Amino acid sequence: MTRPFRVLGIQQIAIGGPDKQRLKSLWVDMFGLTVKSTFVSERENVDEDICALGSGPHAVEVDLMQPVDPEKKPAVHATPLNHVGLWIDDLPTAVQWLTAQGVRFAPGGIRKGAAGHDICFVHPKSNDEFPFSGEGVLIELVQAPPEVVAALS
C-alpha cells in the first residue's frame, strides 16, 4: 500500500484538567516550559495555554487545557491525556487517502487550530461505515509548515 503523505513527528500533546493553573504549576513552574500563547473557544469548549518543549522545528507543543464550561462537550478535561498531534506533510492528501481507506474523522473537517496550523482529528471510535479510528485515542493531524517539513524530512 503506497501512502501519499508522511507523518513527520509529534506536533503536540494535549493535557486536560478541571483547572489549567494546576497543570501550569507542574509543566511551566516545575518543568520550565514556556507559555507561547493562549486560546479560548466557546465552540470547542476549551481554554488552553500553548506551551513549548524545545525550540525551532523540533519543538513539541504541550497544550494545557481546561473546559470553558465543565458541563458541556467536548469535555477537554474528562481524559487527562486529551489527544496527541502528529505533523503531516500534506494534510488534504492525507485526509482524502485515509478517508478512502476507512478512517473515521471527527466532525469539523480541516480547519485552523489553536496554534494557527490547519488541523483535523481522527475520531477515537470507529463505526460501521468507517472501521478504522484512534481506538480510544483522539489524534490530531496537523499540517506541518515548510520549515518543519524540511527539518523533519
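Buried means under 20% relative accessible area, exposed means over 50%, and partly exposed is whatever falls in between (1.4 Å probe, protein chains only). With that in hand, here are some close-ups. This is a predicted model, where local features need pLDDT of at least 70, side-chain atom pairs count only at pLDDT 80 or more, and totals for chains, interfaces and linings use all residues. Residues are numbered from 1 along each chain as its sequence is written, and side-chain values use heavy atoms, leaving out hydrogens and water.

**View 1. Lys112 and its salt-bridge partner, Asp118.** At 56% relative accessibility, Lys112 counts as exposed. The term stands for a side-chain nitrogen of Lys or Arg within 4 Å of a carboxyl oxygen of Asp or Glu. By this rule the count comes to 7 salt bridges.

**View 2. A salt bridge between Asp47 and Lys20.** Here the N to O distance is 2.6 Å. Asp47 sits in strand E3 and Lys20 in helix H1, so the pair ties together parts that are 27 residues apart in sequence. (Helices, H or I with at least four residues, and strands, E with at least two, are DSSP runs numbered from the N terminus.) Buried or exposed, what are Asp47 and Lys20? Both are buried.

**View 3. Arg43 meets Glu44.** This salt bridge spans 3.6 Å, N to O. Arg43 has a relative accessible area of 60%, so Arg43 is exposed. Glu44, at 23%, counts as partly exposed.

**View 4. An open sheet of 8 strands.** Follow the order E2-E3-E4-E1-E5-E8-E7-E6, and note that the pairing is mixed. Strand E2 (34–41) and strand E6 (111–112) stand at the edges with a single partner strand each, so one side of each has no neighbour in the sheet. Two strands pair if DSSP finds at least two bridges between them. In general, strands of a sheet pair through backbone hydrogen bonds, either parallel or antiparallel. E2 and strand E3 (residues 46–53) are antiparallel, with 7 bridges. Val35 stands opposite Cys51 in E3. Helix H1 (residues 20–30) lies across strand E1 (7–16), E2, E3 and strand E4 (60–66), running at about 150° to E4. (Axes are lines fitted to C-alpha atoms, for helices over the stretch in contact, and angles run from 0 to 180 degrees between N-to-C directions; contact means heavy atoms within 4.5 Å.)

**View 5. Strand E7 and its two partners, E6 and E8.** How much of E7 is buried? In E7, 4 of the 5 residues are, so the strand is largely enclosed by the rest of the structure. E6 and E7 run antiparallel, joined by 2 bridges, and Arg111 has Ile119 in E7 as its bridge partner. The hairpin of E6 and E7 has 5 residues between the strands, and Gly116 takes a positive phi near 95° there. E7 is also antiparallel to strand E8 (residues 138–143), through 4 bridges. One of the pairings puts Cys120 with Leu141 in E8.

**View 6. The largest nonpolar core, with 13 residues.** Such a core is a set of buried Ala, Val, Leu, Ile, Met, Phe, Trp, Tyr and Cys residues joined through side-chain atoms within 4.5 Å. The residues with the most contacts inside this one are Phe5, Ile88, Leu98, Phe105, Cys120 and Leu141. Strand E5 (81–88), helix H2 (91–100) and strand E7 (118–122) each give two or more residues to this core. H2 gives the most, with 5 residues. Leaving aside residues up to four places away in sequence, Phe105 touches Val95, Leu98, Thr99, Cys120, Phe121, Val122, His123 and Leu141. A second, separate core of 9 residues includes Leu8, Val142, Ala144 and Val149.

**View 7. Aromatic pairs, 2 by count.** Rings of Phe, Tyr and Trp (its six-membered ring) pair if their centres lie within 6.5 Å; planes under 30 degrees apart count as stacked, over 60 as edge-to-face and the rest as tilted. Phe5 and Trp97 are edge-to-face, at 5.9 Å centre to centre and 65° between the planes. This pair links distant parts of the chain, with Phe5 in the segment before E1 and Trp97 in helix H2, 92 residues apart. Both Phe5 and Trp97 are buried. The rings of Trp27 and Phe31 have centres 5.3 Å apart and planes at 90°, so that pair is edge-to-face too. Trp27 has a relative accessible area of 18%, so Trp27 is buried.
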